[in-house]
Amino acid sequence: MNTMLRKSVLGIAGLAFTGGVFAGPIAAHAAEPVHSTKPVAVSVQGAQSKIDLNDEQTANAKAIIAATKKAGLPERAAVISIATSLQESKLENLGHLGDRNDHDSLGLFQQRPSSGWGTPEQITDPEYSTLAFEKGLKQVDGWQDMPLTEAAQTVQVSAYPDAYAQWEQQAADIVAHNWNS
């Protein structure tokens, strides 16, 4: 995809997301416990990757789960969110990486202030960045039943759309272990 077309697509996606951010509040009943009736993993696609998590990464995974519950979303949303963060940052809350930075991407989800995800301070806040990602996820028709990589890609618009699938099993294991704690 040429640079001009990619920037146009990313700009439109950013505007669409920004419109969604300001369109209304997160669910009114967000503090209520969420009970899932669907299995956490729909179907794991392809070879799976796994990394050992340090204390910071574990805390970030737990923050994603807490934000998912706050949004009133089911475990499947937490699995998609954690798998996305594993791909984008290995569950590390990344600041500006200098020459290694992908444009102005920051935080757990490598969200970009220039694409309307929020300020640098907001998108490096695990709760805010998770709620922003999941607000985009909720706008994807049928996200609950589609392959994880398709749901994540629809929100993230990554140059590597199939990369999210490799983290589904580890994300599902993290959520299963921490959802009720």
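Predicted model: local features only at pLDDT ≥ 70, side-chain atom pairs only at ≥ 80, totals over all residues.
Visitor: How are H5 and H6 oriented to each other, and why?

Guide: Two packed helices are described by the angle between their axes and the distance between the axes. Here the axes of H5 and H6 come within 9 Å and cross at roughly 110°. Angles of 65 to 115 degrees count as roughly perpendicular, so H5 and H6 are roughly perpendicular to each other.

Visitor: Which residues make the contact between H5 and H6?

Guide: The axes of these two helices come within 9 Å. On the H6 side, the contact is made by Ala 151, Ala 152, Val 155 and Gln 156. On the H5 side, the residues are Phe 133, Gly 136 and Leu 137.

Visitor: Which element gives the largest share of the largest nonpolar core?

Guide: The largest nonpolar core has 37 residues, and those with the most contacts inside it are Ile 65, Ile 80, Ile 82, Leu 91, Leu 137, Trp 143 and Val 175. The elements giving two or more residues to this core are helix H2 (55-70), H3, H5, H6 and H7. The largest share, seven residues, comes from H3.

Visitor: What is Ile 80 in contact with, leaving aside its neighbours within four places in sequence?

Guide: Ile 80 is one of the residues with the most contacts inside the largest nonpolar core. Leaving those sequence neighbours aside, its partners are Phe 133, Leu 137, Trp 143, Leu 148, Ala 151 and Ala 152.

Visitor: How far apart are the closest N and O atoms in the salt bridge of Glu 127 with Lys 70?

Guide: The structure holds two salt bridges, and Glu 127 with Lys 70 is one of them. This pair links distant parts of the chain, with Glu 127 in helix H5 and Lys 70 in helix H2, 57 residues apart. Glu 127 is partly exposed at a relative accessible area of 34%, and Lys 70 is partly exposed at 42%. The closest N and O atoms are 2.7 Å apart.

Visitor: Are Glu 168 and Arg 76 buried or exposed?

Guide: Glu 168 forms a salt bridge with Arg 76, the closest N and O atoms being 2.8 Å apart. Glu 168 sits in helix H7 and Arg 76 in helix H3, 92 residues apart. Both residues are buried.

Visitor: Why does Gln 110 count as buried?

Guide: Gln 110 is found in the loop between helix H3 (75-89) and helix H4 (120-123). Its side chain reaches the backbone oxygen of Gly 107 at 3.4 Å, and Gln 110 touches Glu 88, Leu 94 and Ser 105, not counting residues up to four places away in sequence. Buried means under 20% relative accessible area, and Gln 110 counts as buried because its relative accessibility is 13%.

Visitor: How many helices and strands are in the protein chain?

Guide: Read along the sequence, the pattern is α-α-α-α-α-α-α. The chain has 181 residues, of which 43% count as buried. The count is seven helices and zero strands.

Conventions. Residues numbered from 1 in each chain as written. Heavy atoms only, no water. Helix = DSSP H or I, 4+ residues; strand = E, 2+ residues; numbered from the N terminus. Buried < 20%, exposed > 50% of the residue type's maximum accessible area, 1.4 Å probe, protein only. Polar contact = N/O pair within 3.5 Å; in protein donor to acceptor, adjacent residues only side chain to side chain. Contact = heavy atoms within 4.5 Å. Core = buried A, V, L, I, M, F, W, Y, C linked by side-chain atoms within 4.5 Å. Salt bridge = Lys/Arg side-chain N within 4 Å of Asp/Glu carboxyl O. Axes fitted to C-alpha atoms, helices over the stretch in contact; angles between N-to-C directions. Parallel < 35°, antiparallel > 145°, perpendicular 65-115°, else oblique.
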